[in-house]
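Here is a short note for someone opening this entry for the first time. Please read the points in order, with the structure alongside.

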Protein chains: 2
Amino acid sequence: MTTVADPPQPRRALRSTAKVLPEHARASNRSMVLQLLFHAGPRSRAELARATGLTRVTISDLVASLLAQGLVTELGQQADGKVGKPGTLVGLDAEAFQIVAVDLADDERVHGAVLDLSGAVRERRTAPVGGCTGAAAVEVLLGLCRELVAATTRPVLGVGVGSPGVIDLSGRVLQAPNRGWYDLPLAEQLSAALELPVHVANDADTAALGEFTWGGASGNGLLVLTVGGGVGAGIVLDGALVQGNEHAAGELGHVTALDERDEHDRAPLGRPELCACGRRGCLETVLSVPAMRRRVAGLDAAGRDAALASVGRRLGIVLAPVVSALNLSEVVLCGPEELLGGPLRDAALATLRERTIPVVSSHVQLRMTSLGEHGALSGAAVLVLSGQLGVT
Amino acid sequence: MTTVADPPQPRRALRSTAKVLPEHARASNRSMVLQLLFHAGPRSRAELARATGLTRVTISDLVASLLAQGLVTELGQQADGKVGKPGTLVGLDAEAFQIVAVDLADDERVHGAVLDLSGAVRERRTAPVGGCTGAAAVEVLLGLCRELVAATTRPVLGVGVGSPGVIDLSGRVLQAPNRGWYDLPLAEQLSAALELPVHVANDADTAALGEFTWGGASGNGLLVLTVGGGVGAGIVLDGALVQGNEHAAGELGHVTALDERDEHDRAPLGRPELCACGRRGCLETVLSVPAMRRRVAGLDAAGRDAALASVGRRLGIVLAPVVSALNLSEVVLCGPEELLGGPLRDAALATLRERTIPVVSSHVQLRMTSLGEHGALSGAAVLVLSGQLGVT
DNA sequence: AGCTGTTTGTAAGGACGGTTGCCTAACAAA
DNA sequence: TTTGTTAGGCAACCGTCCTTACAAACAGCT
């Protein structure tokens with residue numbers, strides 16, 4: 001009959017939406033129960049019902065399916081002297097599955113571990129990279145994964161990998177210059193070879209996940225800065241990693257931190273140095289471990305402290321806009337404690353507070369990681385927990 | 001029987017999770033259909049089914065309920081010469097409801113409008129603030145809202161308000177010094193008085209929403225900077241506003257942008273000025289409209305351009321870490337075109353590119369808003385569209 | 001001991017949402 | 001006219017959660 005007017009022009013790409021089925025609701029509720037048991041410890045079914053808002057009937061059903069899968073176990077009666085029938089405690093069984101986690105941040109050796117569901121490391125292995133790149137580097141990684149899988153004593157929930165470079169949500173490495181990987185579907189390849197679920201993410205992102213889950217993060221909004229050969233950052237907002245437009249969020253290492261014309265701290269830091277990226281004064285040229293070691297070499301304690309404080313001030317200047325814009329609750333440093341933990345941290349925090357409004361700065365914390373060396377490994381494990389069980 | 005070991009200590013506050021019911025799946029799918037019709041224009045049921053992944057049966061059912069509510073209408077047959085039965089086009093009815101939107105960013109007058117579902121302004125009203133604060137300011141706002149509601153010619157979908165200050169997700173104003181509001185449940189009060197759904201958010205956030213929905217945003221990651229009496233920012237990541245730990249995300253106005261010891265641009269900008277917050281050199285002391293007008297007053301064209309370029313460079317320095325950390329695709333400036341649009345924008349973009357790695361800076365855009373004066377009003381309308389229909 | 005009230009966990013039945021399978025209507029191409 | 005394709009509707013089924021009802025286990029009281 002009536003023909004139709006021209007459709008209005010599409011205004012922008014649609015936000016990724018997906019159909020929702022009742023079974024997704026089920027999965028979400030199942031994850032909520034697991035999340036609760038994971039973080040808050042064993043509970044009775046009735047308590048789970050109250051905490052989730054679901055009915056006891058539904059919780060019973062969910063718990064029954066989790067029991068059938070072996071993910072949770074009944075732990076006996078609640079022994080507190082309240083009125084009424086005592087509940088049966090149900091708890092996550094940390095021994096039910098094991099997780100294989102691998103960290104590729106180190107250029108010399110690939111570090112891996114087997115963890116249980118509580119995040120405890122059960123087994124540790126490393127493999128030398130030996131300068132391998134491209135497909136050969138994938139083989140080294142795959143070999144370590146096989147070795148770790150062989151070392152597990154329980155069914156494997158999945159494999160988590162933290163790698164430098166730009167990595168999309170599907171675990172495809174868009175670019176990782178250190179390994180010579182470009183547009184490589186790493187998760188897919190590993191998954192096919194190992195016949196296991198594999199999750200791959202940027203190493204700073206996995207470090208952020210680990211800190212978020214196990215580092216005692218307090219509020220909402222966490223930035224984790226990994227300081228090693230380079231500088232990277234992972235950001236968790238509202239419980240999720242920030243991806244960025246090109247999956248390159250967290251590229252803080254190459255923000256200019258030292259300006260040709262700044263008088264600020266000129267004496268201790270000298271003129272802006274040339275960076276590997278071809279520009280001058282990048283944060284990496286002052287904050288990376290090699291740069292700092294070079295700067296403090298041969299200095300006495302006072303000189304060393306002054307130099308590190310200068311670096312900390314530059315870091316504070318770079319962090320101030322980020323912390324303000326996102327109203328972060330926590331900034332966490334990962335790297336050598338002896339370089340980052342002292343005057344550097346203190347100066348960075350002081351500078352950060354100086355340069356931000358109190359409503360923001362009074363709540364923000366700046367501290368060393370509480371996970372020690374293997375934060376990235378724990379984070380890679382969280383990647384699997386999150387991907388397979390919905391637990392974060 | 002067996003008593004139980006101590007539960008593991010809770011490690012952190014749980015991420016906000018909520019139970020999911022099948023009816024939520026229904027609401028989500030309904031929103032997805034509306035979203036599609038909103039952004040991509042009229043479609044047949046079969047096309048909707050293909051686009052959403054749902055079956056034709058389910059789509060028919062959803063469309064039937066939307067037809068019953070008057071939100072969509074059938075627009076006749078598809079007239080293209082393909083094989084098979086031609087489909088019946090179904091389109092969002094922009095006339096079905098109207099939206100009342102109010103912007104409180106201006107200290108002198110409250111601006112309001114009636115919009116249809118396509119975002120077109122149908123009616124415009126303002127009310128003088130007259131220095132009112134506290135409850136009196138609420139009364140002024142309420143009066144304007146009543147006037148606008150009376151001016152509507154269709155059922156009202158809801159009321160959206162953009163206000164300066166820190167505002168939580170429920171529309172409670174935690175603090176808005178300009179209006180003398182502290183811990184005020186504004187959305188709740190307005191909703192009770194008007195007997196309509198009311199959504200309240202920070203004005204920079206609503207501006208960001210408006211730009212995101214109607215400004216032709218390209219990629220993922222948008223920061224909108226509102227420049228007026230002060231400076232504010234709203235950030236949209238992954239299709240959602242960034243809230244921040246204390247709902248204070250976007251507080252960029254009081255980041256130090258001009259340092260006592262910086263030589264950088266000293267000549268055009270002078271020594272760091274005292275800011276209303278009590279500190280020196282905040283971004284607001286160089287980028288706010290009054291500050292800029294004062295700086296360019298009495299200068300010739302060249303001097304004016306140089307001064308604005310200096311301001312742009314300071315802005316670029318502040319933005320660089322944020323753009324890098326979040327890998328933003330777009331930074332949008334809202335405010336007086338004659339101040340922001342020319343040398344300031346150019347210098348800010350150039351500085352931003354100088355200070356960030358190409359992988360980040362090559363994709364980022366920095367431009368004036370395409371929504372003109374009433375971006376915040378459009379954004380307040382999006383608040384309602386999003387809250388009531390799930391359309392963004 | 002026996003009763004009462006409270007709390008836990010399960011069972012049965014109903015409501016809702018989505019799917020599959022099958023039907024008819026409408027059209028183009030052979 | 002026949003064939004193949006597409007749109008849209010109807011019926012039957014499955015999954016998920018809810019409400020209601022009930023048995024079991026306990027504390028506190030008489």
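1. Start with a helix pair. Helices are DSSP runs of H or I with at least four residues, strands are E runs of at least two, and both are numbered from the N terminus.

2. A word on the basis. This is a predicted model, where local features need pLDDT of at least 70, side-chain atom pairs count only at pLDDT 80 or more, and totals for chains, interfaces and linings use all residues. Residues are numbered from 1 along each chain as its sequence is written, chains are lettered from A and ligands numbered from 1 in the order in which they are written, and side-chain values use heavy atoms, without hydrogens and water.

3. Back to the pair. H1 spans residues 22–40 of chain A and H2 residues 45–52; their axes lie 11 Å apart at an angle of about 110°. Axes are lines fitted to C-alpha atoms, for helices over the stretch in contact, and angles run from 0 to 180 degrees between N-to-C directions. The two helices H1(A) and H2(A) are therefore roughly perpendicular (65 to 115 degrees).

4. Who touches whom? From H1(A), A:Met32, A:Val33, A:Leu36 and A:Leu37 meet A:Leu48, A:Ala51 and A:Thr52 of H2(A). Contact means heavy atoms within 4.5 Å. The residues of this contact are six nonpolar, one polar and no charged. Nonpolar covers Ala, Val, Leu, Ile, Met, Phe, Trp, Tyr, Cys and Pro; charged covers Asp, Glu, Lys and Arg; the others, Gly among them, are polar.

5. H1(A) has another partner. Its axis and that of H14 (residues 375–389) of chain A come within 10 Å and cross at roughly 145°. A:Arg30, A:Ser31, A:Leu34 and A:Phe38 of H1(A) make the contact with A:Leu385, A:Gln388 and A:Leu389 of H14(A). By class, there are four nonpolar, two polar and one charged residues.

6. How many disulfides are there over all chains? The search finds zero, taking a disulfide as a pair of cysteine sulfur atoms within 2.5 Å. For B:Cys275, the nearest cysteine sulfur is that of B:Cys282, 3.8 Å away. B:Cys275 is buried at 8% relative accessible area (buried is under 20%, exposed over 50%, partly exposed in between; 1.4 Å probe, protein chains only).

7. Check one backbone angle. A:Asn327 has a positive phi, near 50°. A:Asn327 sits in the loop between helix H10 (301–326) and strand E15 (330–334) of chain A. At 1% relative accessibility, A:Asn327 is buried.

Key: Parallel < 35°, antiparallel > 145°, perpendicular 65-115°, else oblique.
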